[in-house]
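Reader: I would like to go through this model label by label. Please set each value against its cut-off.

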Amino acid sequence: MNCIEGPFHVRMLPEALAHLDAPLGMSRFRLDKRYEGVLDAVGRGEMLALRTAVEGSAGYVALEYVEGTLAGRRGSFVLQHSGVMERGMKRLFLEVVPDSGTGELAGLSGRMGIDIAGGEHFYRFEYSLPGAE
C-alpha cells in the first residue's frame with residue numbers, strides 16, 4: 001500500500017436540482033478540482049448535499065472522475081464520496097470505484113482522506129497499483 005499527500009484546489013458550482021419538490025436544505029453542485037503533487041490530476045464530479053435543521057448535521061454523496069498522473073503513471077479513475085456530519089462530528093469516506101482505473105492506472109484501488117486547514121485543502125491517498133512499489 002502506497003500513501004501520498006498533497007494539496008488540492010476545489011470549486012463547487014451550484015447546479016439546479018432535478019426534482020422541484022426536493023427537501024429544504026438539499027443542494028447539488030458541480031465539482032472542479034486540481035490535485036498537486038504525486039497525484040497530478042484534475043477531478044470533475046457531481047455532488048448532492050443536504051443540511052438539516054439541526055446545526056452541524058448534514059450529508060453528501062458524490063462521484064468524481066479523476067484524470068492525470070499518479071506517481072508518473074497516466075490514466076483515470078473514479079472516486080466515490082460519502083460524508084456525514086452529526087452535530088459537528090464528521091465521517092468521510094472516499095474510495096476508488098473498483099475496476100474504474102484506465103490506462104496505466106488499470107487495477108488501481110484505494111481510499112482518500114481530505115483535510116482542511118487554514119482554508120487550504122489537502123488529500124491523503126492510500127492506494128495499491130499493480131506493478132507499483
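Author: Let us start with the rings. This is a predicted model, and the structure holds 4 aromatic pairs.

Reader: Why is the pair of phenylalanine 8 and tyrosine 35 called tilted?

Author: The ring centres of phenylalanine 8 and tyrosine 35 are 5.5 Å apart, with 35 degrees between the planes. Rings pair if their centres lie within 6.5 Å, so the distance qualifies. Stacked needs planes under 30 degrees apart, and edge-to-face needs over 60. The value of 35 degrees falls in the rest, which counts as tilted.

Reader: What makes this pair a tie between parts of the chain?

Author: Phenylalanine 8 sits in strand β1, residues 2–15, while tyrosine 35 sits in strand β2, residues 26–35. The two parts are 27 residues apart in sequence, so the pair ties them together.

Reader: Are phenylalanine 8 and tyrosine 35 buried or exposed?

Author: Both phenylalanine 8 and tyrosine 35 are buried.

Reader: Why is the pair of tyrosine 35 and tyrosine 123 called edge-to-face?

Author: The planes of tyrosine 35 and tyrosine 123 meet at 75 degrees, and the centres are 5.5 Å apart.

Reader: Which residues form one aromatic cluster?

Author: Phe8, Tyr35 and Tyr123 do.

Reader: Now the whole chain. How many helices and strands are there?

Author: The protein has 0 helices and 9 strands.

Reader: Why is the protein called as compact as a globular protein of that length?

Author: Its radius of gyration is 16 Å. The globule rule gives 14 Å for 133 residues. The two values are close, so the label holds. The C-alpha trace spans about 50 × 30 × 20 Å along its principal axes.

Reader: What share of the residues counts as buried?

Author: Of the 133 residues, 32% do. The protein exposes about 8100 Å², with 56% of that supplied by carbon and sulfur atoms.

Reader: And how many charged side chains are there?

Author: There are 14 positive and 18 negative side chains. The centres of the two sets lie 3 Å apart.

Key
Residues numbered from 1 in each chain as written. Predicted model: local features only at pLDDT ≥ 70, side-chain atom pairs only at ≥ 80, totals over all residues. Heavy atoms only, no water. Helix = DSSP H or I, 4+ residues; strand = E, 2+ residues; numbered from the N terminus. Rg over C-alpha atoms; globule rule 2.2 N^0.38 Å. Buried < 20%, exposed > 50% of the residue type's maximum accessible area, 1.4 Å probe, protein only. Areas by Shrake-Rupley, 256 points an atom, 1.4 Å probe, with all protein chains shown as cover. Lys, Arg positive; Asp, Glu negative; His and termini not counted. Charge placed at Lys NZ, Arg CZ, Asp CG, Glu CD. Phe/Tyr/Trp six-rings, centres within 6.5 Å; stacked < 30°, edge-to-face > 60°.
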